[in-house]
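Please look over the sequence and the model shown below.

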Amino acid sequence: MENQEQFLCGVVEGFYGRPWSMDQRKVLFQWMQNWGLNTYLYGPKDDLKHRLLWREVYSPEEEGQLRNLITEAQSRGLRFVYALSPGQDIVFSSSCDLTLLKRKLRQVSDLGCQAFAVLFDDIDHSMCQADSEAFSSFAHAQVTVTNEVYRFLGEPPVFLFCPTEYCASLCSPSVSKSPYLQTVGEDLLPNITVVWTGNKVISRKLSTDSLAEVEAVLQRPPLIWDNLHANDYDSRRLFLGPFKDREPRLRSSLRGLLLNPNCEFEANYIPLHTLGSWYRAGKEESKDDEGEYCADRALSVALHDWMEELNQPLHAGRQSGRADLRSSAPVSRCKTPDRLDGSSAFRERPVVAKLPVFPLNSSSPPSSPTKVNGDREGQEAGRKRLNHSSQTHHHSAGSRPTVPPGGRGQKAQGRSPSGGKGLLTESQVRLLVGLHYLPHEHGAAAHKLLQDLNWLKTNCFVVSVSSKKALPQKIDEWRGRASRFLSLCEDIGQLHCSVVGGANRAVLYDLYPYVWDLRNMALVAKAFVCWLDGRVLGDSCTLGTWRNCLHWCGKSSRADGLEVDSEPWVCKGGVSGEVQMLLPIGGSNELFTHPPPLFPTSRLYNIRPYHSKDKVELYRMVRQLHLRTQGDQESSSAHPDVIGDRCLGPCLALCPDYSFVLEDELGACGCVLGILDVRSFAKRCQASWMPAMRDKYPSKSGNTHHNTQDLIRLMEEDQGEYPDSLLYHFPSQVRLDALPELVDISVSRTLLTALLTALKANGSQGVFCEVQPTDRQRLEFLTKLGFLEILRGEARSREGVVLGRLL
């Protein structure tokens, strides 16, 4: 090890959530050695014996693992810092607690550790009665215990102290006037280093000027615990961007800088790689341009190196071989102050469920464990879908010819149906990083996605139903920008497939929940933009207008507009959350909060508005579903259209603008139909649709099967009257159908979201669907797809009807 004054630069494993495995830490040490970093601090908040059970010593088996980890770090020239967090329940005046604290740290010292940290972050400021009598202040109690432990360990060259006021925003009343920090600066022994995060818990920038004040009050240069890439405060956010907005010359004002990165180990390659570049640039102290740290240049170098890592056939077992990874990950937290909880400084938030670790063949998604009736019919339909897909054209993403094809366009044609293992391209990796950049700043791809969506939504009036007076150049501009937006959404879908089908399974398991979430959001956004072209109601409509659409949608991208003083958790959900808020139903969180599928699949999906040429395939799909549930093959063979005419016909004929198709690489595999205004629809149905059906299926026809007549009778009953009390609050109706072979059931929720977005944009305040309690098979089917769960998120239900408000 170098001398005491070595600048400490490296990694702090200090996040809330599942700690890294021993194998991952060894990979981390290899990375750090390669990139010139020198310090690792062990302090995972959810290691029980680090925080909650800090008094308990390690077992012999745990001792062996910790000794090996310390030896591994030291063999690579790294300083291993062991941290303990006793602040939640320590009694500072208790000689017993002090003895236990010394015993625990002595045990680790005997394992070969030579550097330590005592952390008092994220705890309540109050003291018990005994401590109040023994110490003049909370800071005095902490400093006394810390000094005692420091002397007990022989005054090691590296000893860190994390105060409870660890950033400027937590200081009362200010940094320079904080009695707490003044006591720390005056009474803490001078060779103990104080940990600091900057102006905020997650500081946007760090500069020498911002650190001068804290250095003066602490009477020593601090060590930065940098939360720039920490993501444990938001389960939908990931940060793959470079180490940025930290001046390399900070070395002269600091004792060190340790990066507290993403919880997902594999997501930290670029952050740590660029941190190494930053450290080397400051170390060289060169005045020429080549010696200055440039975040963009460092990112390019890191991307080049990460490409090799991404395309190696690394097994997910390098993370952990434990079978208990099949369970969901523990609750995840960041250093996020929450004054509402007196015993903890954090707001409880569920984390995205982690994937199990087992061999995964993405090209062969597992079948459902339950046997589906009508296997022969299903196989036949599958062949028909395949033949139909190869023979027919690729439908347009919208009904307007100027809008380019959706996810089934030219980019999808060269791929095998389920992807398969392949190489991620550099452009895809740049897209991945751009969509998951930094907490206060979006990458170029994310910025473009949000900017275009906001512009298309704001200017959708030029392609509205009443846009006859719109200038042709304005329409061309809108559709041209829509084309570019749809292309970017396609790229996101292809990125999802490439990550799932890639060779590096370790990266897959860490990144999959995030690319999956963004893929689903891109599907909804793309369908919404396609739908906007020619389907937004004009100002003359009484039910809804395009101005309502603007009112319901969010106004702009939030992350790039955050105030300097804002913490990034103010903006929830990252890019996915901001796209959500730009949609008319962005406030209905129940639609967007669901775990990723247990079995990842790289199958391509597309959601788009219905086209008249889809009718044949959709009729075939609902006929297949009917045969599986009802088994009535005679009537359907005698009149193959009768089931489609009942289930889909009225909506496709009278309100096709509220019909969406879900398709995979084999063809249509689902659809959702909507009726904006049930009252007016019922009148139109009685006036035109039912007479057409009576002519198509005459009752006196000798070839008419009695079950067919029953279905015709049911068609008439379907158009029955609904009470005004229902339609006042729930004027719209929806119906969802999807093939049971759909592995990723979350896609059906995404399909429904696309329809609800369209209904809300044109003025609907609530929807309902009819599901008779006696139709158990359909209830089970819709429950499996998550359909009923979605509507019941903010709903009331009455017999035969499920209701949902569009808030």
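The search of the whole structure finds zero disulfides, a disulfide being a pair of cysteine sulfur atoms within 2.5 Å.

## Basis of the values

This is a predicted model, in which local features need pLDDT of at least 70 and side-chain atom pairs count only at pLDDT 80 or more, whereas totals for chains, interfaces and linings use all residues. Residues are numbered from 1 along each chain as its sequence is written, and side-chain values use heavy atoms, with hydrogens and water left out.

## Buried positions in strands and a helix

Asn606 belongs to strand E9, which covers residues 606–609; helices (H or I, at least four residues) and strands (E, at least two) are DSSP runs numbered from the N terminus. Asn606 is buried at 0% relative accessibility, and its side chain makes a polar contact of 2.7 Å with the side chain of Lys526. A polar contact is a pair of N or O atoms within 3.5 Å; within protein, one must be able to donate a hydrogen and the other to accept it, and residues adjacent in sequence count only if both atoms are side-chain atoms.

Gln733, in strand E12 (residues 732–738), is likewise buried, with a relative accessible area of 14%. Leaving aside neighbours within four places in sequence, Gln733 is in contact (heavy atoms within 4.5 Å) with Leu673, Gly674, Ile675, Val678, Tyr722, Phe768 and Glu770. Helix H12 (residues 426–435) is largely enclosed by the rest of the structure, because seven of its 10 residues are buried; these are Gln428, Val429, Leu431, Leu432, Val433, Gly434 and Leu435.

## Backbone features in loops

Asp122 has a phi near 60°, a positive value in a residue other than glycine, and lies in the loop between strand E4 (115–119) and helix H4 (129–134). Asp245, which is not a glycine either, has a positive phi of about 60° and is found in the loop between strand E7 (223–226) and strand E8 (256–259). Asp122 is buried, with a relative accessible area of 3%, whereas Asp245 counts as partly exposed at 32% relative accessibility.

The peptide bond from Ser172 to Pro173 is cis, with omega near 0°, and Pro173 lies in the loop between strand E5 (158–162) and helix H6 (179–187).

## The protein as a whole

The protein contains 27 helices and 15 strands, and 59% of its 807 residues count as buried. Among contacts between residues at least 6 apart in sequence, 81% join residues at least 24 apart. The accessible surface comes to about 32,000 Å², of which 50% belongs to carbon and sulfur atoms; accessible areas come from the Shrake-Rupley method with a 1.4 Å probe, and for residues only the protein chains shown count as cover.

Note on methods:
Buried < 20%, exposed > 50% of the residue type's maximum accessible area, 1.4 Å probe, protein only.
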